[in-house]
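Hi,

Here is the structure I promised to pass on.

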Amino acid sequence: MHDTTIMLIELGAVVLGLGLVGRLAGRLGLSPIPLYLLAGLAFGHGGLLPLNTTEGFIEVGAEIGVILLLLMLGLEYTAPELVDSLKTQYPSGLVDLLLNATPGALAGLLLGWGPVGALALAGVTYISSSGVIAKVLTDLNRLGNRETPVILGILVIEDLTMAVYLPVLSTVLAGVGLVSGSVTLAIALGTASIALFVALRHGRWISKAVSSDNPEMLLLVVLGLTLLVAGIAQKLQVSAAVGAFLVGIALSGEVAHTTRRLFMPLRDLFAAVFFVFFGLSTTPSDIPPVLVPALLLAVVTVFTKIATGWYAARRAGIGPRGRLRAGGALVARGEFSIVIAGLATATEPRIAPVATAYVLILVILGPLAARWTEPVARNLMERRAAKQAEAAVMSEVRPATEAGS
């Protein structure tokens, strides 16, 4: 059978399968990410039905998926919102970085991966899943809650941190010398800074230049601009994902709103392909040996994220119940943890199975934590208070009984 025919059959089966598992996830009230990863594991080397002909096509689709994920993320924020978040929530951002990157870094060192693996795993455990969290907040009708701006502020700072972290990680993964690496890193960060400055100061002119009343023309221009900037950013060692994120920030107003609407189906399609590709690049038999470390890391970082949300919400003057809701909402990891692991896999292949297991655990636990952290904690506190009241009553009754006898 002709290779093109086989490719079409394989590709059609993959896309159809993604649609079916996505519908299943929706009915179960879960994020589809874990099912996409499992599908990739099933179709990858060592899986049930290995794909051969379409692997190269899926790899290119995965690259586009990362770019569209970051573009859509950038479209969610305006430049002034980013600046305001940095001004008001940077202490919470520092606490978030310290509490959640440290467990990953320590785990990477304990697993014997060295500084490079530790740096990559620190990023995997640090960043929460904006996509999963946004969906959970919507499903739970919490968009109007007092703690929601705090949650979104933390996510904004994490996304900005990625704009610095990804060029640093790319430079370290390249394995260049100290002098050459320093020059490359300086170029990368300088390029990112200039692009961010242009987005902040001249974003309205960029929006005006790409604006069009014709949806087809707007889609083509924005997609072409995003891919062009992402490619140039990659050439300058900034990371294609960061370039796409900065394009998203630069677009604002009606252009940003229309672009979000046009690109949503494309983003969902190629993001699904990205998760499948990551699963394809992971050998299923490598996961069981790392389940225990991944589970331990997941448990630790559940509590560190809850502590982050508690601290950030307390700074905003929110009560204990809102603090617990904020912490529970931040637990989920997902798309960007996989992006980081995907970058590092070529240098440290052992990170792929750990990151896959870790994300599978937390993308399922995340929505549960968002829903149940506050009610469970409230129930425990009520029980504790009832036991203390009962003990107080018993301590008063005992002396009276002894005196009567």
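The charged end of Arg323 sits over the ring of Trp310, 5.0 Å from the ring centre. Lys305 does likewise with Tyr126, lying over the face of the ring at 5.7 Å from its centre. (A charge sits over a ring if NZ of Lys or CZ of Arg is within 6 Å of the ring centre and within 35 degrees of the ring normal.)

Please keep in mind that this is a predicted model: local features need pLDDT of at least 70, side-chain atom pairs count only at pLDDT 80 or more, and totals for chains, interfaces and linings use all residues. Residues are numbered from 1 along each chain as its sequence is written, and side-chain values use heavy atoms, leaving out hydrogens and water.

On confidence, the protein averages a pLDDT (the predictor's confidence in each residue, from 0 to 100) of 80, and 85% of the residues score at least 70. Helix α12 (residues 291-315) has the highest mean, 94, while helix α8 (residues 178-210) has the lowest, 68. Helices here are DSSP runs of H or I, at least four residues, numbered from the N terminus.

Now for the helix packing. Helix α7 (residues 148-174) packs against helix α14 (residues 335-344) at an angle of about 20°, with the axes 10 Å apart. That makes α7 roughly parallel to α14 (angles under 35 degrees count as roughly parallel, over 145 as roughly antiparallel, 65 to 115 as roughly perpendicular and the rest as oblique). Axes are lines fitted to C-alpha atoms, over the stretch in contact for helices, and angles run from 0 to 180 degrees between N-to-C directions. From α7, Met162, Tyr165, Leu166, Leu169 and Leu173 meet Ile340, Leu343 and Ala344 of α14, where contact means heavy atoms within 4.5 Å.

Helix α7 also packs with helix α6 (residues 130-139): their axes come within 11 Å and cross at roughly 170°, so the two are roughly antiparallel. Ser130, Ile133 and Leu137 of α6 make the contact with Thr148, Ile151, Leu155 and Asp159 of α7.

Finally, the axes of helix α9 (residues 215-235) and helix α10 (residues 240-250) come within 7 Å and cross at roughly 140°, so α9 and α10 are oblique to each other. Among the residues that meet there are Leu225 and Val229 in α9, and Gly243 and Val247 in α10.

Best wishes
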